Amino acid sequence: MRLDLPLAGERRIRIGSHEWLLRFVDSIETDGDCTTHGVCESSTRTITVARIASESWVLSTLLHEVMHAIEHTYEVRIRHQDLNLFADILAGVLIDNWRTE
């Protein structure tokens, strides 16, 4: 089973009154030894998500980065550990309820 979401290429998404560019890539270049699965760039309104893991991991990363975009759009702060928790919970809800055969 898989979730029928377009997790490839580029598309425009709306967050509030702002339009953001959502990009799915094979990997994200980083400075240092850490692996980054997603990046939210508020200056360019671009969210980039790497497709280097399972669909549920990619979806959770996407939701995490969208919440960062919400922070920038609405000028609110969400603790990073809460972003991780909410992203994982929301990804589970979507996967458990909107899967296709």
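Colleague: Where is Leu 7 placed in relation to strand 1 and strand 2?

Modeller: Leu 7 belongs to the loop that joins strand 1 (2-3) to strand 2 (10-15). The model under discussion is a predicted one.

Colleague: What makes Leu 7 count as buried?

Modeller: The relative accessible area of Leu 7 is 15%. The term buried applies under 20%, so Leu 7 is buried.

Colleague: Which residues does Leu 7 contact, leaving aside its neighbours within four places in sequence?

Modeller: With those neighbours set aside, Leu 7 is in contact with Phe 24, Arg 51, Glu 55, Val 58 and Leu 62. Leu 62 in turn touches Leu 7, Leu 22, Phe 24 and Val 49, when residues up to four places away in sequence are not counted. As for Cys 40, which is 33 residues from Leu 7 along the chain, the two C-alpha atoms are separated by 16 Å.

Colleague: Which residues have the most contacts inside the largest nonpolar core, and which elements supply it?

Modeller: Ile 47 and Leu 62 have the most contacts inside that core, which has 20 residues. At least two residues of this core come from each of strand 2, strand 3 (18-25), strand 5, helix 1 and helix 2. Helix 1 provides the largest share, seven residues. Nonpolar side chains tend to be buried together in soluble globular proteins.

Colleague: What makes Ile 89 partly exposed?

Modeller: Ile 89, which lies in helix 2, has a relative accessible area of 47%.

Colleague: Why is the contact of Glu 10 with Arg 23 called a salt bridge?

Modeller: The N to O distance between the side chains of Glu 10 and Arg 23 is 3.5 Å. The limit is 4 Å, so the pair qualifies as a salt bridge. Glu 10 lies in strand 2 and Arg 23 in strand 3; the pair therefore ties together parts that are 13 residues apart in sequence. Glu 10 is exposed at 56% relative accessible area, and Arg 23 is partly exposed at 26%. Side chains of opposite charge can pair when their charged atoms come close.

Colleague: How many salt bridges does a search of the whole structure find?

Modeller: The search finds five salt bridges. Among them is the pair of Asp 82 and Arg 79, at 3.0 Å from N to O. Another is formed by Glu 71 and Arg 77, with the closest N and O atoms 3.8 Å apart.

Colleague: Are Glu 71 and Arg 77 buried or exposed?

Modeller: Glu 71 has a relative accessible area of 3%, which is under 20%, so it is buried. Arg 77 stands at 71%, which is over 50%, so Arg 77 is exposed. Arg 79 is exposed as well, at 51%.

Colleague: How do you know that the chain is as compact as a globular protein of its length?

Modeller: The chain, with two helices and six strands, follows the pattern β-β-β-β-β-α-α-β along the sequence. The radius of gyration is 13 Å, and the globule rule gives 13 Å for 101 residues; the chain is therefore as compact as a globular protein of that length. The C-alpha trace spans about 40 × 30 × 25 Å along its principal axes.

Colleague: What share of the residues counts as buried?

Modeller: Of the 101 residues, 37% count as buried. The chain exposes about 6,600 Å², of which carbon and sulfur atoms supply 50%. Among contacts between residues at least 6 apart in sequence, 53% join residues at least 24 apart.

How values were computed
Residues are numbered from 1 along each chain as its sequence is written. This is a predicted model: local features need pLDDT of at least 70, side-chain atom pairs count only at pLDDT 80 or more; totals for chains, interfaces and linings use all residues. Side-chain values use heavy atoms; hydrogens and water are left out. Helices (H or I, at least four residues) and strands (E, at least two) are DSSP runs, numbered from the N terminus. Buried means under 20% relative accessible area, exposed over 50%, partly exposed in between (1.4 Å probe, protein chains only). Contact means heavy atoms within 4.5 Å. A nonpolar core is a set of buried Ala, Val, Leu, Ile, Met, Phe, Trp, Tyr and Cys residues joined through side-chain atoms within 4.5 Å. The radius of gyration is taken over C-alpha atoms; the globule rule is 2.2 Å times the number of residues to the power 0.38. Accessible areas come from the Shrake-Rupley method with a 1.4 Å probe; for residues, only the protein chains shown count as cover.
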